[in-house]
Amino acid sequence: MGSPLYSIPGAALPVPEPPTGAAPAHAPQSTEAHTVNEVLAQSQAGAVMDELDRDLVGLIPIKARIRDIAALLVIDKLRMNLGLQAQAPSLHMSFTGNPGTGKTTVALRMAEILFRLGYVRKGHLVAVTRDDLVGQYIGHTAPKTREVLKRAMGGVLFIDEAYYLYRPENERDYGQEAIEILLQVMENQRDDLVVILAGYKDRMDTFFRSNPGLSSRIAHHLDFPDYAPAELLRIADKLLEQQNYSFAPGARATFEEYLTARIRQPHFANARSVRNALDRARLRQASRLFADKDRRLTAEDLTTIAASDIRASRVFQAAATQSQS
């Protein structure tokens, strides 16, 4: 495929002309699809959505919205195949929710779906925060922002905690400059870049009220719910299985107790907290096995998390202290 037909505001880059007779960037395959199943089979987007359903626990409303967006793109492709007018839809999104609710993971899958359906050229995801976009002195922000946009072109730009771009209390802050460049690219290069703004819902709502230009360019708002305790337990099962571990008898019930206590404590981060808890349990398991240096360890020993590996967590100690107070 030839050079991308885009320009970044302020960048001194020539816009190449397409060679004579060249096919458009998102040309349909030689055998044009005329049914939904044909589009899904040719693009393999259906397989990505099936993986989303299979691999991600919960998130029922999010999965439904992703399927709605995919349905719109598939129908637009069928319209184009029949020569009907189909303007490229705006696909910029807002992902709101607490930490560890799957926002980055869903963004990765969304990038793959968009690529397979031909709405982005590469399908990669570039995840950034304010520090990647905003400089600390005059003249530093624009080149930083343009460099990030250059890397993201042809794929998805995921800006986590996007509200930190806007700091009205600081007159010397350069975040507004990054926002203005983003606005131009989101409008002028929307056929070559999808931007996802992510963060806590209340802060994102305030951010959009303060920046109506950004809000008007967001077509899809997805609010990620917290996981229920039973879903967190299923996530733990999946994480252990991926690393070739399992709970010993009674350990899963102990981990369920752990989750009940941990959810009530500060800074709980859903699936991220589950992953961190299992990492610490693995550390305790390793220390327990290491202490018995002459013991011949079996595969079961090396792959089993015992109830004691979980019960030693400070979460239980904190929960006991709270119940006594």
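Visitor: Why is Leu52 called buried?

Guide: This is a predicted model, and in it Leu52 has a relative accessible area of 4%. Buried means under 20% relative accessible area, so Leu52, at 4%, is called buried. In the chain as a whole, buried residues make up 43% of the 325 residues.

Visitor: Where is Leu52 placed, and what does Leu52 touch?

Guide: Leu52 lies in helix H2, which covers residues 45–55, in a chain that has 15 helices and 7 strands. Leaving aside residues up to four places away in sequence, Leu52 touches Lys63, Ile66 and Arg109. Arg109 is 57 residues apart from Leu52 along the chain, yet their C-alpha atoms are separated by 7.2 Å.

Visitor: What makes H2 roughly antiparallel to H3?

Guide: Two packed helices are described by the angle between their axes and the distance between the axes. The axes of H2 and helix H3, which spans residues 60–81, come within 11 Å and cross at roughly 175°. Angles over 145 degrees count as roughly antiparallel, and therefore H2 is described as roughly antiparallel to H3.

Visitor: Which residues make the contact between H2 and H3?

Guide: On the H2 side they are Met49, Asp50, Leu52 and Asp53, while H3 contributes Lys63, Ile66, Arg67 and Ala70. Sorted by kind, the residues of this contact divide into 4 nonpolar, no polar and 4 charged.

Definitions and conventions
Residues are numbered from 1 along each chain as its sequence is written. This is a predicted model: local features need pLDDT of at least 70, side-chain atom pairs count only at pLDDT 80 or more; totals for chains, interfaces and linings use all residues. Side-chain values use heavy atoms; hydrogens and water are left out. Helices (H or I, at least four residues) and strands (E, at least two) are DSSP runs, numbered from the N terminus. Buried means under 20% relative accessible area, exposed over 50%, partly exposed in between (1.4 Å probe, protein chains only). Contact means heavy atoms within 4.5 Å. Axes are lines fitted to C-alpha atoms, for helices over the stretch in contact, and angles run from 0 to 180 degrees between N-to-C directions. Angles under 35 degrees count as roughly parallel, over 145 as roughly antiparallel, 65 to 115 as roughly perpendicular and the rest as oblique. Ala, Val, Leu, Ile, Met, Phe, Trp, Tyr, Cys and Pro count as nonpolar, Asp, Glu, Lys and Arg as charged, and the others, Gly among them, as polar.
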